[in-house]
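Hello,

My notes follow below it.

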Amino acid sequence: MLKLQNVNLFYGEIQALWDLSFEIKEGQIAALLGANAAGKSSAINAISGIEKISSGEITLFDKEIHKMSPHEIVEEGIIQVPEGRKLFNYMPIQENLELGAYSKRAKKDFKKNLRFVYDLFPILEERKSQMAGDLSGGQQQMVAIARGLMANPKLLIIDELSLGLAPILVQQLIKDLINIRNTGITILLVEQNVQQSLAIASDAYVLENGRLALSGNATELINDPHLKKAYLGM
Amino acid sequence: MTIVQTLISGILLGGIYSLISMGLNLILGVVRIVNFAHGELLMIAMYISFLFYTTMGLDPYVSAILVIICLFLLGVLTQRFMIQPILDTPASTKIFATLGLSIALQNLALMTLSANHLSVKTSYQTSVINIGELAVSIPRLVAFGAAVGVAVVLYLFLQKTLTGKAIRAVAMQKQAAFLMGINVKRIYLLAFGIGSGLVGLAGALLMPIYSVYPTIGASFILIAFVVVVLGGMGSMFGAFFGGLIIGLVEALSGVIFDPGLKEAIYFVIFIMVLLVRPSGIFSLGKGAEEVGLK
Ligand SMILES: Nc1ncnc2c1ncn2[C@@H]1O[C@H](COP(=O)(O)OP(=O)(O)O)[C@@H](O)[C@H]1O
Ligand SMILES: [Mg+2]
């Protein structure tokens with residue numbers, strides 16, 4: 001559904017992405033992997049229109065999206081849950097979710113989506129009047145995912161889901177992701193945590209220094225000697 | 001009794017300072033621009049009000065809504081054509097841009113309108129309401145009432161409507177606002193428009209009290225900066241009460257010291273707040289970066 005072709009991205013003089021190409025298939029969980037500073041966030045910020053690419057092409061169902069502004073890309077159904085959650089900390093959970101549904105595409109399904117996220121994360125409904133900034137890390141990540149789901153995504157991109165969370169929480173959230181995928185939402189999981197991501201992903205892409213280093217079926221990649229050496233320390 | 005009288009009249013005038021400062025603070029908190037031309041917007045608002053009065057005989061209170069609309073549009077245009085193109089430039093560029101606009105507008109007014117003080121004549125200009133032994137000036141009472149009313153409406157708008165929440169979201173966490181599909185550029189236009197519209201109302205309310213001249217903005221921008229520092233950057237609540245406090249301080253300093261010293265006293269407050277509580281007395285101890293609008 002989403003295709004990057006020869007994408008180059010610069011921050012001033014510094015090139016962060018080099019001829020990056022990959023494609024995400026509909027209905028999957030895909031993983032975008034790589035060490036810190038590999039260019040993962042840059043790649044998804046290019047997809048979300050936060051950073052403008054200098055050359056190349058990004059298409060969603062063959063429609064060019066790389067010249068659109070971020071809010072137009074949201075209307076196309078690409079929603080990013082950013083690294084570090086970036087919640088509206090001084091607003092209650094409920095308002096964070098309302099703002100998740102700010103786009104036109106989301107407003108029509110507001111009630112249905114709110115029910116869905118509260119059923120997925122019941123604790124959020126219990127605490128809906130609490131300030132997002134006062135929640136625990138795990139709960140904040142739930143709010144961030146729920147806020148993204150309120151936007152009615154076709155493709156949900158989650159940047160560093162596991163960052164700063166206890167492994168047990170991460171496992172629970174990963175189970176939730178499978179439930180989300182089962183409702184028909186495609187997911188792109190962006191992670192440094194290679195093992196856990198490969199366990200649930202169908203396809204995976206590995207970035208190194210802004211370039212695509214490896215890609216393919218997740219079960220095959222787990223056994224790739226280069227990946228083992230570089231990321232799993234084996 | 002005269003001191004109570006003076007204090008009341010100071011607080012009432014403070015309502016106008018509140019309006020101007022809330023406008024400055026809204027623009028600062030959302031667009032992250034220090035609008036040095038804010039005082040000139042007030043000057044323009046007063047000239048527009050004066051123009052409606054002389055050409056159409058409209059009372060400043062009647063034309064207030066038109067002045068607000070004019071200033072809203074002027075704010076939107078300023079944001080679109082002057083601020084938006086330089087949003088990604090260093091802070092110093094932005095400062096010079098709005099400072100330059102301020103000087104340009106002042107001089108434009110001096111050239112085209114001369115330095116004369118212009119004022120309107122209204123039947124209620126010198127009217128007072130007597131409460132016990134106190135005589136309260138009607139224009140000041142109206143100004144205060146309108147300021148409080150508008151502050152409440154603005155508060156409800158920012159807290160309760162989706163657009164208001166989007167404005168706060170942009171102030172609080174811009175990147176997430178982008179990612180939730182908020183058209184951030186449009187929110188900037190709206191924030192600059194509303195911030196300028198508040199100045200429009202302030203100008204209309206001032207017209208029966210003050211006269212207008214090309215450099216009137218200079219003294220009001222100074223007050224607005226002191227209020228914003230006092231109340232906390234990005235804090236609407238702080239700007240509102242800060243305005244009233246400065247109104248009070250102004251009146252007090254006129255009684256205790258000398259009216260000519262009031263600006264020196266603002267500076268003392270300004271520096272003391274920056275030294276003792278740089279985030280402002282009403283802020284949560286955090287900058288606008290984190291808190292956004294309150
Ligand atoms: N806004 C920015 N300005 C300049 N350089 C940046 C910016 N964001 C990221 N970079 C640089 O681009 C490279 C890739 O960063 P990033 O995409 O955040 O990697 P990752 O998400 O994989 O950790 C890094 O070297 C980083 O320092
Ligand atoms: Mg990253």
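Is B:Tyr124 buried or exposed? B:Tyr124 is buried, at 14% relative accessibility (buried means under 20% relative accessible area, exposed over 50%, partly exposed in between; 1.4 Å probe, protein chains only).

Some ground rules. This is a predicted model, where local features need pLDDT of at least 70, side-chain atom pairs count only at pLDDT 80 or more, and totals for chains, interfaces and linings use all residues. Residues are numbered from 1 along each chain as its sequence is written, chains are lettered from A and ligands numbered from 1 in written order, and side-chain values use heavy atoms, without hydrogens and water.

Ring pairs: there are 8 aromatic pairs over all chains. Rings of Phe, Tyr and Trp (its six-membered ring) pair if their centres lie within 6.5 Å; planes under 30 degrees apart are stacked, over 60 edge-to-face, the rest tilted.

B:Tyr61 and B:Tyr124 are stacked, because their centres are 4.9 Å apart and their planes at 10°. The two sit 63 residues apart, in helix α3 and in the loop between α4 and β1 of chain B (helices are DSSP runs of H or I, at least four residues; strands of E, at least two). B:Tyr61 is partly exposed, at 25%.

B:Phe267 and B:Phe270 are edge-to-face: centres 6.4 Å apart, planes at 85°. Both belong to helix α11 of chain B, separated by about one helical turn.

B:Tyr17, B:Tyr210 and B:Phe220 form a cluster through ring pairs.

Charges over rings (NZ of Lys or CZ of Arg within 6 Å of the ring centre and within 35 degrees of the ring normal): A:Arg211 sits over A:Trp18, 4.3 Å from the ring centre. B:Arg80 lies over B:Phe81, at 5.1 Å.

Best regards
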